[in-house]
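Here are my notes from a look through the model you sent. Have it open next to you as you read.

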Amino acid sequence: MLCFSKNQSMDRLFAFYFFLLLSGFIFADAGSIGVNYGRIANNLPSASKVVQLLKSQGIERVKVFDTDAAVLKALSGSGIKVTVDLPNELLFSAAKRPSFAFSWVQKNVAAYHPHTQIEAIGVGNEVFVDPHNTTKFLLPAMKNVHEALVKYNLHSSIKVSSPIALSALQNSYPSSAGSFRPELIEPVFKPMLSFLRQTGSFLMVNAYPFFAYESNTDVISLDYALFRENPGVVDAGNGLRYFSLFDAQIDAVFAALSALKYDDIRMVVTETGWPSKGDENENGASVENAAAYNGNLVRRILTGGGTPLRPKADLIVYLFALFNEDEKPGPTSERNYGLFYPTEEKVYNIPFTVEGLKNYHDHRSPVNRSQTVRAPVNGGGGVSKSTSGNTWCVANAEVGKEKLQRGLDYACGEGGADCRPIQPDATCYNPNTLEAHASFAFNSYYQKQSRAGGSCYFGGAAYVVTQPPRYGVCEFPTGY
C-alpha cells in the first residue's frame, strides 16, 4: 500500500501513475494485445499475406467476425491465437437446434483446431442492439455451442462468450455506479453470467471512449480520452481517481458485475479503437488522435496492472481494426478505424509488442501541446454514447452545498431556467434535495441554451451525462 502525507499524496500518486504509464520498463504481470480482422472491403490482401503481416508485427491474437475457411486455414500453424464469431443471423438456428450448433462447431471449429489455435467463440455480437431482436436466442445458442464443444472435448481449451456494447449499461457514470439495464438483468445477464462462471469463461466487452468524447467534448478532456497526462477524475462513489476514460468505462462494467455478485467473472475487451478520419461533426477523429489512443493503450496494457477498481485484472484487449474497410456503411469514421491500409502500410506508426514500446513516443502537434493542462470535469469518466443522441446537465454534489445553491439561484433567476416544476407540490419537487433541484434547474438552463458548449458548467457545479437523470419520478426535458 502507498502511504503519503495529505499534502504529498496527490502529487506523488500523480507522478507514480505516469511513471507506470510512460515508463519503458515492463512488469512481470501484463495484459495482451490482439487485433480485429474485419473484411468488409473489396481491396484487402489475401489471408496468407495478412497472417504474415500479423506475425511481422508481433501480434499474437486475432479476432475474426465469422469462420471463413481461407482465413482459418491461413492461420494454421502460425502460433496466433484466434477468436471466431458465430454471426447474429445464425443465433436462431443455433438456439433452436442443438444439431445445428453441433454441425457448426464440427465444420468451423473442430475441423481446424488445434493447428489453428482457436481459443474462444463469440456467439453473436452486440446482440442487445441488434434490430432483428435476437436477444432471446442468445443464451440458448451459447449453451448449445458449448455442449457441442463438450462432445468434441474442446470445452477446456475453447471458451464461449458474447461481446456486449456499453449500451447494455443503464448507468456508467460514475464508474462505481455502473449497472446493467434492468430489463436485461433477469432474462439475460444473470443466466449468462452464471453460464460464464460455470464454464470458466469471461465477459466480452466492446468499449469505445471515442464515442463518449465525440458527444461530450465540452466535458471530457481529450488528454483524458487519449491516456495522456491529466489531473484525473475522482469517482465520488468510491474515491478512486481515474486518469483515462477507458479505465472508467471498463470499471463501470466491473461495478455492474459486482452489483449482481459476479465479481469473479473476468473480462476481455473484444473491441476498442479510434478513427483516423471522420465527418465534420465527428469530433476528435484524426490520425494524430488515433495514433495517440491506440499507441498509449498498447503501452497501458502491456506494462501491466489492471484498473483502479480491479488493479490485478490484467486485460486482453483487441484493437479495432486491422484494416480500413472501404465497404462499411455509416459515417466516414466507420471506414477509417484501421491500423493499416489495404496496401499493408501503417496508417500511423505504433508498436504492438513490449520490444516495440522501448522506442515509442506519443507525438503531439504543437497546437495540442498548449491544451495539456485542461482538466476533465467530474463527469468525464465512464459516459457512454446515448442511443438517442440526447444529453442532460446534472449537479455535481462534490462541489458542496454553497456552490450548488449559487448555481441554482443563478439558473432560476438571471439564467431564465424553468424552475416551476421544482416548487412545492409541483411534479419535480420530490425528492426535496438541493442536488435534485439544482440538477433540474441546471438541465433546464442547458436545454434552453440548445446544449451549447460551456452551458453546463456553473463554476464546476455541473456536468453533462448521456443517460436520462433519475430523481424520483421527475422527467428531465431535452429541449424547449
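1. Asn-336 is buried, at 14% relative accessible area (buried is under 20%, exposed over 50%, partly exposed in between, with a 1.4 Å probe and protein chains only). You'll find Asn-336 in the loop between strand 13 (316-319) and helix 12 (354-357); helices (H or I, at least four residues) and strands (E, at least two) are DSSP runs, numbered from the N terminus.

2. A word on the basis: this is a predicted model, where local features need pLDDT of at least 70, side-chain atom pairs count only at pLDDT 80 or more, and totals for chains, interfaces and linings use all residues. Residues are numbered from 1 along each chain as its sequence is written, and side-chain values use heavy atoms, with hydrogens and water left out.

3. Back to Asn-336: beyond neighbours within four places in sequence, Asn-336 is in contact (heavy atoms within 4.5 Å) with Trp-274, Pro-275, Ser-276, Lys-277 and Asn-324.

4. On to the rings: there are 21 aromatic pairs (Phe, Tyr and Trp rings, the six-membered one for Trp, with centres within 6.5 Å; planes under 30 degrees apart are stacked, over 60 edge-to-face, the rest tilted). Tyr-208 and Phe-211 make a tilted pair, 5.2 Å centre to centre with 40° between the planes. Tyr-208 is buried at 9%, whereas Phe-211 is partly exposed at 26%.

5. Tyr-471 and Phe-476 have ring centres 5.8 Å apart and planes at 25°, so that pair is stacked. Tyr-471 is buried at 15%, and Phe-476 is buried at 10%.

6. Ring pairs also link a cluster, including Phe-65, Tyr-208, Phe-211, Trp-274 and Tyr-337.
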